[in-house]
Amino acid sequence: MIALSDHSYLTPEEYLAFEAASDIRHEYVDGEVYAMAGTSKNHNLISGNLYILLRRHLRNSGCTTFMADIKVKLQTGRRFFYPDLVVTCDPEDGTSELFVEKPKLIIEVLSPSTKSFDQTAKFLYYRTLPSLEEYLLVGTESPFVQCFRRQTQDIWTVQIYEGLGAIAHLESFDLDAPLTDIYEGVTFTAPTP
């Protein structure tokens, strides 16, 4: 993310109006707006593969999968992020065309420029959502999936799936996702495990 340089703070309402008129996407943190970088081919393929897996699995379930352009609203509008994929099962999330507030699953496909933020600060922000059950980080440079799961008393555990032979399990939807499906069509520049 790249902060805009004018340092003028926007209210959540001003941000939403600004974003609606913008040709590029921006995330919003405590009044500041950050431009988002573009994605790679691998990033795009992985996001698409995950979208297809989730849509097929969740068909007729009452849950909706969104990809790339739907924001997640946090802390009464003090923060808005664009995850790569978000799944909500809450009927109240149908009231806004621009964002969801009660996601059950959030997936970030890791880019070299955003990897650190997605793994640390963004996860800390997402953890404040009571509805969130799982947070998935998916690598683009090798077949690697890191799944954070909310347990009782707001304790989070992590499970790592590595290599094309692994099968990532999403407990929130009882979905087994083979990494061969997640990474279908992806070409890695470095040798994979």
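These legends describe close-up views of a predicted model.

**View 1. Glu-108 sits in strand β9.** The strand covers residues 103-109. Glu-108 counts as buried because its relative accessibility is 3%, and the cut-off for buried is under 20%. Glu-108 touches a set of residues beyond its sequence neighbours, not counting those up to four places away. Among them are Tyr-82, Pro-83 and Asp-84. Asp-118, Lys-122 and Tyr-126 are also in contact with Glu-108. Leu-85 is 23 residues from Glu-108 in sequence. In space, the two C-alpha atoms are 6.8 Å apart.

**View 2. Gln-146 lies in strand β11.** This strand runs over residues 144-150. Gln-146 has a relative accessible area of 14%, so this residue is buried. Contacts of Gln-146, leaving out residues up to four places away in sequence, include Gln-119. Tyr-135, Leu-136 and Leu-137 touch Gln-146 too. Val-158, Gln-159 and Ile-160 complete the list.

**View 3. The largest cavity has a volume of about 40 Å³.** The count of cavities of 30 Å³ or more comes to one. Leu-50, Leu-53 and Leu-54 are part of the lining. Ile-107, Leu-136, Leu-170, Leu-175, Ala-177 and Ile-182 line the cavity as well. Helix α2 (41-58) and strand β14 (175-178) each supply at least two lining residues. The most comes from α2, with three residues. By class, the lining has nine nonpolar residues, no polar residues and no charged residues.

**View 4. Asp-30 has a positive phi.** The angle is about 50°, although Asp-30 is not a glycine. Most residues other than glycine have a negative phi. Asp-30 is in the loop between β2 (26-29) and β3 (32-35). Its relative accessibility is 32%, so Asp-30 counts as partly exposed.

**View 5. Gln-153 also has a positive phi.** Here the angle is about 55°, and Gln-153 is not a glycine. Gln-153 is placed in the loop between β11 and β12 (156-162). Strand β11 is the one that holds Gln-146. Gln-153 counts as exposed because its relative accessibility is 73%, and exposed means over 50%.

Terms used. Residues are numbered from 1 along each chain as its sequence is written. This is a predicted model: local features need pLDDT of at least 70, side-chain atom pairs count only at pLDDT 80 or more; totals for chains, interfaces and linings use all residues. Side-chain values use heavy atoms; hydrogens and water are left out. Helices (H or I, at least four residues) and strands (E, at least two) are DSSP runs, numbered from the N terminus. Buried means under 20% relative accessible area, exposed over 50%, partly exposed in between (1.4 Å probe, protein chains only). Contact means heavy atoms within 4.5 Å. On a 1 Å grid over the protein atoms alone, a cavity is a set of points where a 1.4 Å probe fits but cannot get out, and a pocket is an open set with protein on both sides within 12 Å along at least five of seven lines; lining residues have an atom within 4 Å of a point. Grid points are joined across faces, edges and corners, and a volume is the space filled by probe spheres set on the points. Ala, Val, Leu, Ile, Met, Phe, Trp, Tyr, Cys and Pro count as nonpolar, Asp, Glu, Lys and Arg as charged, and the others, Gly among them, as polar.
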